[in-house]
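I opened the model and kept notes as I went. The entries follow in the order of my look-ups.

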Amino acid sequence: MEKINSSSSPSDFTTFRTCPLCEATCGLEITYKKGKAVSVRGDKKDVFSKGYLCPKGAALAQLHDDPDRLRHPLIRTGSTFREASWEDAFEYIENAFMSIVEKHGRDAVAAYLGNPCSHMLAANLCGPIMLRALNSKNIYSASTVDQMPRHVSCGFMFGSPVSIPVPDIDRSTHLIILGANPMASNGSIATAPDFPGRLRALKKRGGRIVVIDPRRTRTAELADEYIAIRPGSDIFLLLAMANVLFAEKKIQPGRLAEHINGLDAIEKAVVDFTPESVQNACGIPADVIRRLAGELAAAENAAVYGRMGISVNRFGTAANWMVDVLNILTGNLDRPGGVMFPLPVHMPLETKPDKRKWLTGRWKSRVKGIGEIKGEFPIHTLCDEIETPGKGQIKALLTVAGNPAISLPNSARVDKALAGLDLMISVDYYVNASTRHAHVILPPTGPLTTAHFDIAFYNFAVRNIANYSPPDLPKPSSEMDLWEILYKLSAIFKGLGAATDISVFDDMTIENLVSNTAGRSEEILTSLKQYSGPDRILDLMIRTGAYGDGFGRNPEGLNLEKLKTHVHGLDMGPLKPRIPGILNTPSGKIELAPPLFIKDLERIASELIKKETQELLLIGRRHLRTNNSWLANIPSLVAGPSRCTLQVHPEDAARIGLTDGGMATISSRTGTLTVPVEITQDVRPGVVCFPHGWGHDQDGVAMKVARKHGGMNTNLITDEAQFDPVSGNSMLNGVPVTVVSAA
Ligand SMILES: Nc1nc2c(c(=O)[nH]1)N[C@H]1C(S)=C(S)[C@@H](COP(=O)(O)OP(=O)(O)OC[C@H]3O[C@@H](n4cnc5c(=O)[nH]c(N)nc54)[C@H](O)[C@@H]3O)O[C@H]1N2
Ligand SMILES: Nc1nc2c(c(=O)[nH]1)N[C@H]1C(S)=C(S)[C@@H](COP(=O)(O)OP(=O)(O)OC[C@H]3O[C@@H](n4cnc5c(=O)[nH]c(N)nc54)[C@H](O)[C@@H]3O)O[C@H]1N2
Ligand code: SF4
Ligand SMILES: [Mo]
C-alpha cells in the first residue's frame, strides 16, 4: 500500500507522503524514476491538503538530493573538517563529553533544539529521552524566540502548556488575525494546509476577516478590513476590547460560564484600559476599537487568532492571554467556528487532572537567576551562561536542527560564544553559520529516507487528522536515522558508552515507557515488537490514545498498522468540544485571571504613560519561499531578486532622505547593517521591515547556493536584552532602531 509502482521497473514508482517543511502538513505525491525523485506535486487525494502545495514542498526532492547536504559525520581538524566514520565520531564525542562532565559537571553541557525538531518524528519522541539522559539544567530551544508566550498563557489558563485552542477557520464566520501572515507562513499553531484557500472559503461563506498588523501583508490584502497597529502594542488594543465588552454589557460566555474562574477579577483588571486611554499607544482610534469589540460580540461565531507578531515582544504572554480572554468572554472558546482544542490520534481522550498547578520558575539560571519555563531557560540568557566563568559555566553545546548564529537576537554575540566553546556537537544537515563552529557534525539521513508523522502539529490541526509516511527510499547503509543518532548520544550521556547497541537501548527505552501499564507490559511489548525507534513509541501512543485499539480492548480502534493503510491520511472530522475534559488546573476550571498575569498589568500600564519617541521600530517578514534560515541552498527557493530589502514608509524615507533602491544604515544597541531600501506604503509610518534568516556568507559555510544569495542577518541588530519577563520570550519585532542614508 505504501508505494504505487508506475511501471514494471521496481525503481519507478510513486509515493504519497507528508511534507515535513512547515506546520501545514501538506500531502505530496512524489514520482521516482530509477530510484530518484523526479517530481513533487500536491497529493490531490490527501484528506487534509487536497492537492495544495507551496514552492517549498515542491523543492523537497532538491533538498534531499542537495550535494551540500551532509552524508557523513564531520570532525573538526583545525579550521576545517574531515569526513569521519560514525564510530570515530561517537568515540570523539564520548571522550570529549566525559572529560567535560568529569571536570565541570553536567550543567556544563547545554543543548539547543532548533525549529525543525518540532517537525521531526524522531526529535519529538526520542529527543526528550536524550535530554533526560543528558540531565543538564542548560536546555534551550527556538521556543523562546517564538511561541513560548502561548505555552505560558495556556499553561496558566487551562492547566497545560500544550492545551492550545486553534481557530476553527473552516466554520468561522468572523476571524480576527493579529500578527500572523498565513499567506506567507502557511499558518502557525493552526495547522491548516491551504490556509489561503480556507480564508477565501470563509469569505465566500459570507464571513468577515480583520487583519491587525503593522504591515499590509498579503493576508491583510485578502481581508475585509486591515488595521495598521503600532508594533508591540497589541496588548493595549486587546485590553481595551475587553474593557468595551464589560462596559457595554456584552459578556456572554454561554456554556463556558460554569467552567470559568476569575470573571470579576478580569473586569476589575481591564477597567482602566479604555479605548481612549490606549489609542495613542497602539495607534488605533478609540471608535475603531469599540467597533471591533462590538463586531466580535455580535458575530454568530468568531475566532480571535494571534501569532508571532503578538508573541515576540515584551508583552507576548499578556497578549496571548487576552486573545483567549476575548474568545472566552464572547463564548467562542470550545465552540464550532470559534477556537477549539484538537484531539489527535496520539493523545488520550481525557487529560488526567493531577491537581498540581502548572508552574514556571521551578529552578533558576546560574548567572542571572532567570526562571525555567517548560523545562528550559530562555534563549536570551544562553550567552550569559557560556561567557561567565564559574562552576556550571557552559563549556559544551549540542545543537539539534538549529542555527542559533543566525536565528537568535544579537547574533554577533551568539556567533562569538559558539566559537569559544570547548565542544560543540551539531546534529544537522549542513555546515552553516552555526555548525561551522562545531567539533563534530552528525548529519541524519535525508527527508525521503526517513519516516514522518506530525506529533507536534496534529495537536494544532483545524481538523483531527493523522497521516503516517514511511521512508520512500531505503536509507543508505552508510547513513543514520535521526533517532539512531539521538539514541547513540543518549547512551553516551547516560555513561553506557559509544559502543552501546542501538537496538538494546531502544528495547530498554520502550520497556521503560510501558512499565506502568498495570500488569499488561509483557503483552504490550509483544504487540509492539514489529517496530523499533520512534515508530514503536508512536504505535504505543496511538493504541493507548483517544481512537486507539487499547491493545485489544477496542478491536475496532486504531493502531499504526491500520493507519499505514491510509496513504492519503485519515480524517477523523471537524474539531469537537473538549471542555471540561481538557482542563487540567487544580480548580478544574479555566483560570481567566492568573495572579501572575494580573500582576503583569502594572508593568503594561506603566508603558502606557511613557512618552512617544522618534525612534523607528523594526519588524520582520516571512516570504513563501523561505523557511527561517535554512532552505537558502535550494536554487528554486532563492531565485529572483534579493528579498533582503528594508521596507520604509514614504514619509519616513522623505524625512530621513532615503531613496528607493538606495542604501540605508540601520543600527541598534547591538549592531549596524547596511541594507538596500524599498520605499512602500505597505508599512505603517514609524515602522521599518526586514526579513530574518539571511546572512550565509561567513567563512567556512559550506552551502554554495546560500553563500551566493547570502543576504544580511537582521538579528545582528535585534537585542537579547529585550524580552517578555513572564515567558522569557525574546523581542524580535518592534525593535527600536536608527536609520540613516548610506548614500
Ligand atoms: N514561508 C515561511 N513559512 C514559515 C516560516 C518561514 O520562515 N517562511 N517560518 C515558520 C515558523 S518557524 C513560524 S514560527 C511561523 C510564523 O507564522 P506567522 O506568525 O504567520 O509568521 P509571520 O509571517 O512572521 O507573521 C507575523 C506577522 O506579524 C506582524 N507583526 C510584527 N509585529 C507585530 C505587532 O507588534 N503586532 C501585530 N499585530 N503584528 C505584528 C508581521 O508584520 C507579520 O505579518 O511561520 C512558519 N512558516
Ligand atoms: N529576527 C527574527 N529572528 C527570528 C524569527 C523572526 O521572525 N525574526 N523567527 C524565529 C523563529 S519563529 C524560529 S522558529 C527560529 C528558528 O531558529 P532555528 O531553529 O535555530 O533555525 P532554523 O533556521 O530553523 O534552522 C534549522 C536548522 O536545522 C537544520 N535542519 C533542517 N532540517 C533538519 C532535520 O530534519 N534534521 C536535522 N538534524 N537538522 C535539520 C538546518 O540545516 C538548520 O541548520 O528563528 C527565530 N528567529
Ligand atoms: S505549505 Fe508547508 S507543508 Fe505545504 S508544501 Fe509548503 S512547506 Fe510543505
Ligand atoms: Mo518558529
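**Entry 1: a helix residue**

In which helix is the place of Thr509? I found Thr509 in helix H19, residues 502-514. Helices here are DSSP runs of H or I with at least four residues, strands are E runs of at least two, and both are numbered from the N terminus.

Before going further I noted the ground rules. This is a predicted model, where local features need pLDDT of at least 70, side-chain atom pairs count only at pLDDT 80 or more, and totals for chains, interfaces and linings use all residues. Residues are numbered from 1 along each chain as its sequence is written, chains are lettered from A and ligands numbered from 1 in the order in which they are written, and side-chain values use heavy atoms, with hydrogens and water left out.

Is Thr509 buried or exposed? Thr509 has 8% relative accessibility, so I logged it as buried. The scale is: buried under 20% relative accessible area, exposed over 50%, partly exposed in between, with a 1.4 Å probe and protein chains only.

I then checked the side chain. A polar atom of the Thr509 side chain sits 2.8 Å from the backbone oxygen of Phe505. I count a polar contact as a pair of N or O atoms within 3.5 Å; within protein, one must be able to donate a hydrogen and the other to accept it, and residues adjacent in sequence count only if both atoms are side-chain atoms. Setting aside residues up to four places away in sequence, Thr509 touches Ile129 and Tyr487. Contact means heavy atoms within 4.5 Å.

**Entry 2: domains**

I listed domain 1 (1-65), domain 2 (70-136 + 395-460 + 468-500), domain 3 (148-342 + 579-603), domain 4 (503-565) and domain 5 (613-741). The bounds come from an automatic or database domain assignment. The C-alpha centres of domain 1 and domain 4 are 28 Å apart.

**Entry 3: ligand 1**

Which residues are closest to ligand 1? I noted Asp213, Gly232, Asp234, His623 and Asn628, out of 30 residues that surround ligand 1. The cut-off is one heavy atom within 4 Å.

I looked up the backbone partners next. An oxygen atom of ligand 1 lies 2.6 Å from a polar backbone atom of Gly232. A nitrogen atom of ligand 1 is 3.0 Å from a polar backbone atom of Ile212. Asn628 places a backbone N or O atom 2.7 Å from an oxygen atom of ligand 1. Ligand 1 taken alone exposes 910 Å², and the protein buries 98% of that. Those areas come from the Shrake-Rupley method with a 1.4 Å probe; for residues, only the protein chains shown count as cover.

Helix H6 (182-185) and helix H13 (308-311) are the elements that give two or more residues to this shell. Domain 3 and domain 5 each supply at least three residues to the shell around ligand 1. By class I recorded 10 nonpolar, 13 polar and 7 charged residues around ligand 1. Ala, Val, Leu, Ile, Met, Phe, Trp, Tyr, Cys and Pro count as nonpolar, Asp, Glu, Lys and Arg as charged, and the others, Gly among them, as polar.

**Entry 4: ligand 2**

Here 28 residues surround ligand 2, and the closest are Tyr112, Asn115, Met120, Asp428 and Ser629. Where does ligand 2 lie? Domain 2 and domain 5 both give residues to its shell, so ligand 2 lies between them.

An N or O atom in the side chain of Ser629 is 2.5 Å from an oxygen atom of ligand 2. Asn432 has a polar side-chain atom 2.7 Å from an oxygen atom of ligand 2. A polar backbone atom of Val427 is 3.2 Å from a nitrogen atom of ligand 2. Alone, ligand 2 exposes 920 Å², of which the protein buries 97%. The shell around ligand 2 has 14 nonpolar, 11 polar and 3 charged residues.

Most residues other than glycine have a negative phi, and most peptide bonds are trans. I searched for exceptions. The peptide bond from Ile579 to Pro580 is cis, with omega near 15°. Pro580 lies in the loop between strand E20 (570-574) and strand E21 (590-591).

Lys50 is not a glycine, yet has a positive phi of about 50°. At 61% relative accessibility, Lys50 counts as exposed. Asp334, also not a glycine, has a positive phi of about 70°. At 1% relative accessibility, Asp334 counts as buried.
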